[in-house]
Structure formats: structure tokens, C-alpha cells
Amino acid sequence: MLDVAFSGGVRIRHGGATILFDSADGPAHGQVRLISHAHSDHVAHTGRIFATPATAKLMKAVWSMSGKAKTIKYRQTVRIGDGLKVKSFNSGHVLGSAAFNLQGDGCSLTYTGDINTVETLTTKPAESRKTDILIIESTYGHPSYVFPPRHQTYARIVKWALECLSDGVIPAFKAYSIGKSQELIKLFNAYTTIPVVVGPYVSRASETYVEFGQKLDYLPSVESDALRLLASGGCVYVDSQVRRMLTHRRVRWAFVSGWALHHRYGGGDAAFPLSSHADYNGLMQYVEETEPEKTYVFHGFSDYFARALRRRGFDAQPLPSR
Ligand SMILES: [Zn+2]
């Protein structure tokens with residue numbers, strides 16, 4: 001049987017092997033690390049690492065990962081231990097993000113990493129597969145987190161930016177360097193002619209997006225054309241942190257996060273509930289589609305979401321921590 005626990009990441013024991021999901025914990029040797037995506041709290045730098053080609057590239061390009069990952073493409077199956085195989089498939093969260101399905105002892109276990117179940121300008125919805133054991137994130141696993149249709153949030157973001165520009169102010173967005181920043185770049189590319197200037201980490205991640213076939217038009221903030229745009233005030237700015245820009249123009253900052261649905265962000269001029277995670281309904285639908293016999297829930301509203309699943313007849317519990 002597969003033994004599941006959580007300690008700085010999800011850990012599975014099988015025979016003599018340990019498989020870690022999204023964890024840099026423990027010794028580098030004798031453990032297999034499966035990295036679902038390249039957000040900083042999920043990456044590992046050393047050990048026997050498996051990740052999709054895009055995640056492996058993002059870990060190097062954005063976080064200067066020192067080690068080397070073995071790559072596993074979507075729908076590819078790789079043997080990782082005695083009688084144990086792993087298959088990866090799209091989790092819809094960011095470029096390269098993957099859910100992993102382990103097969104061993106006649107049992108199938110799926111670990112979702114972070115998932116998004118709706119299509120965005122830069123990602124396809126998460127693929128769901130039937131499984132015996134499901135380990136699922138529950139960041140927004142509460143019915144108060146049902147996001148508005150994405151096109152509405154896109155429209156509000158563009159409208160706000162246009163208002164800033166007509167006031168002679170530069171609209172600036174603080175968003176994760178991987179995922180939401182590229183969605184914002186794509187949004188302004190697709191629906192406006194406003195040039196987009198980006199900060200250093202966003203620039204590094206965006207290069208990898210372009211390398212993997214995404215069409216993105218942006219200028220790194222260090223380039224002379226970007227400096228001219230910032231001076232003239234005729235651009236949108238996207239960065240992973242609120243940063244002083246080389247401009248005498250006034251700047252208004254907007255935060256882009258699912259939490260913006262209910263939380264006001266101090267220091268920001270606006271906030272938009274654009275998330276790379278599934279909302280409550282998306283998570284619920286994903287579990288129903290996978291038809292698990294046992295579900296473990298982690299992150300965010302894990303207690304609530306496990307209870308909600310039990311009310312619907314699922315055998316579900318928050319992930320045990322050790
Ligand atoms: Zn993430």
C-alpha cells in the first residue's frame with residue numbers, strides 16, 4: 001500500500017523508496033522528487049528530480065536551479081522505483097504545471113499540485129483522470145471563493161489601466177512572476193495596443209514562455225525603449241513586487257490575486273481576483289470527475305473542503321502531517 005504524509009510537501013513511501021512531491025526537504029540521495037510546477041515554494045535544487053520540460057526550464061531560468069531535472073512530458077510514463085511508475089498530465093496552473101499519477105501494487109494515486117480548471121489566455125484547463133487515491137490542493141476550497149467569469153475580470157483590468165493612462169498615471173500590476181504576469185502581458189497584447197514593460201523576474205519567466213511557443217510582446221524594464229516608455233508614461237508595468245521605477249510619472253499599483261475577492265490589499269490602488277487556482281466549484285468538480293476512493297486535501301481551506309467532500313459522500317480528510 002502507499003503510505004501518505006505531509007511535511008514541507010507531500011511524501012509517499014512505497015517499499016524502500018520515498019517519493020516527495022514539491023519538496024526540497026530531507027537528504028538529496030535516495031529520494032525521488034516530483035516537482036509539479038516552478039513556483040518558488042514548490043521547487044527543489046538537488047536530488048533525483050522529475051519535472052516537465054517547461055518546469056525544468058523555468059526552475060533554471062527564474063530561480064537559477066543548480067541541479068539537473070529529469071524531464072517527463074505530459075502523458076509520458078516513467079519508471080521511478082521498484083514496481084512504481086509515474087505519469088504526468090496538465091494541471092492548468094501555469095506553463096508546464098503537472099499533476100502526477102503514481103501506479104504501484106495495483107493502486108493508482110494522483111497528486112494535483114496546484115490546479116486550475118478554467119481556460120485562461122495562457123493555459124488550458126486541468127485534465128482530470130480517474131484515480132483510487134487523490135491528493136488535491138484546496139487553496140480556495142470554500143464556497144465564498146467562486147470567481148467571476150474570467151472575461152469580466154479581464155475587462156475590469158483593462159478598463160482600470162485605461163483610466164490610469166487617461167489620468168496621466170502608469171498602471172502597474174503586482175503578480176506572480178510565473179503565470180499571472182504572462183496572462184497580464186497576453187491580455188494587454190490581445191485587447192489593447194498598450195506596450196507592456198516588465199520587471200526582471202517576469203522577464204526571465206516570460207522568455208521561457210516564448211521559448212515554449214507562447215506569443216508574448218513585452219519589454220524588459222532595463223532596455224532603453226522601456227526606459228523611454230516609462231518616461232513618457234505610455235505603458236503598462238508588470239512586476240513580481242512593488243518596485244520603484246525609473247520614471248517621474250505617477251504610478252498606481254494593482255494587486256492581482258484570487259484573495260482579492262474578499263481582501264483589500266494595503267498600499268494598493270486596486271485589486272483584481274484573477275487566480276491561477278481553481279475556485280471552490282472547480283475543485284469540487286475535479287474531485288467528482290476523478291471518482292477517488294480516498295481523498296486527501298492540503299493547503300488553504302483543507303478542513304472545510306474535506307468536510308464538504310464528506311457531506312457529498314466522499315471519504316476525505318485533510319492530509320496527515322508528521
Ligand atoms: Zn503555484
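Biologist: What arrangement do the 4 donor atoms make around the zinc ion?

Modeller: Bear in mind that this is a predicted model. The angles subtended by the 4 donor atoms run from 90 to 171°. Four donors pass as tetrahedral only if all angles lie between 85 and 135 degrees. With angles reaching 171°, the arrangement around the zinc ion therefore counts as irregular.

Biologist: Which residues coordinate the zinc ion, and through which atoms?

Modeller: Along the chain, the donors follow the spacing H-x1-H-x53-H-x20-D. At 2.2 to 2.4 Å from the metal, the coordinating set is His37 (NE2), His39 (ND1), His93 (NE2) and Asp114 (OD).

Biologist: OK, on to the open sheet: which strands sit at its edges?

Modeller: The sheet has 6 strands with parallel pairing, in the order β14-β13-β15-β12-β16-β17. An edge strand pairs on one side only, and that picks out β14 (219–220) and β17 (270–272).

Biologist: How are α2 and α3 oriented to each other?

Modeller: Helix α2 (residues 150–166) lies across β12, β15, β16 and β17, while helix α3 (residues 180–191) lies across β12, β13, β15 and β16. Their axes come within 11 Å and cross at roughly 70°. Angles of 65 to 115 degrees go in one class, so α2 and α3 are roughly perpendicular.

Biologist: And which residues of α3 make the contact with α2?

Modeller: The α2 side supplies Arg150, Tyr154, Ile157, Val158 and Ala161. From α3 come Glu183, Leu184, Leu187 and Phe188.

Biologist: Arginine 75 has a positive phi; is the residue buried or exposed?

Modeller: Most residues other than glycine have a negative phi. Arginine 75 isn't a glycine, yet has a phi of about 70°, and sits in the loop between β6 (69–71) and β7 (77–81). Its relative accessible area is 54%, and the cut-off is over 50%, so arginine 75 is exposed.

Biologist: What is the relative accessible area of aspartate 105?

Modeller: Aspartate 105 also has a positive phi, near 55°. The residue belongs to the loop between β9 (98–104) and β10 (107–111). Aspartate 105 is exposed, with a relative accessible area of 55%.

Terms used:
Residues are numbered from 1 along each chain as its sequence is written. This is a predicted model: local features need pLDDT of at least 70, side-chain atom pairs count only at pLDDT 80 or more; totals for chains, interfaces and linings use all residues. Side-chain values use heavy atoms; hydrogens and water are left out. Donors are N, O and S atoms within 2.8 Å of the metal (3.2 Å for Na, K and Ca); water is not among the atoms, so sites may look incomplete. Four donors count as tetrahedral if all angles lie between 85 and 135 degrees; four count as square planar and six as octahedral if opposite donors are over 155 degrees apart and all others between 65 and 115; anything else is irregular. Two strands pair if DSSP finds at least two bridges between them. Helices (H or I, at least four residues) and strands (E, at least two) are DSSP runs, numbered from the N terminus. Contact means heavy atoms within 4.5 Å. Axes are lines fitted to C-alpha atoms, for helices over the stretch in contact, and angles run from 0 to 180 degrees between N-to-C directions. Angles under 35 degrees count as roughly parallel, over 145 as roughly antiparallel, 65 to 115 as roughly perpendicular and the rest as oblique. Buried means under 20% relative accessible area, exposed over 50%, partly exposed in between (1.4 Å probe, protein chains only).
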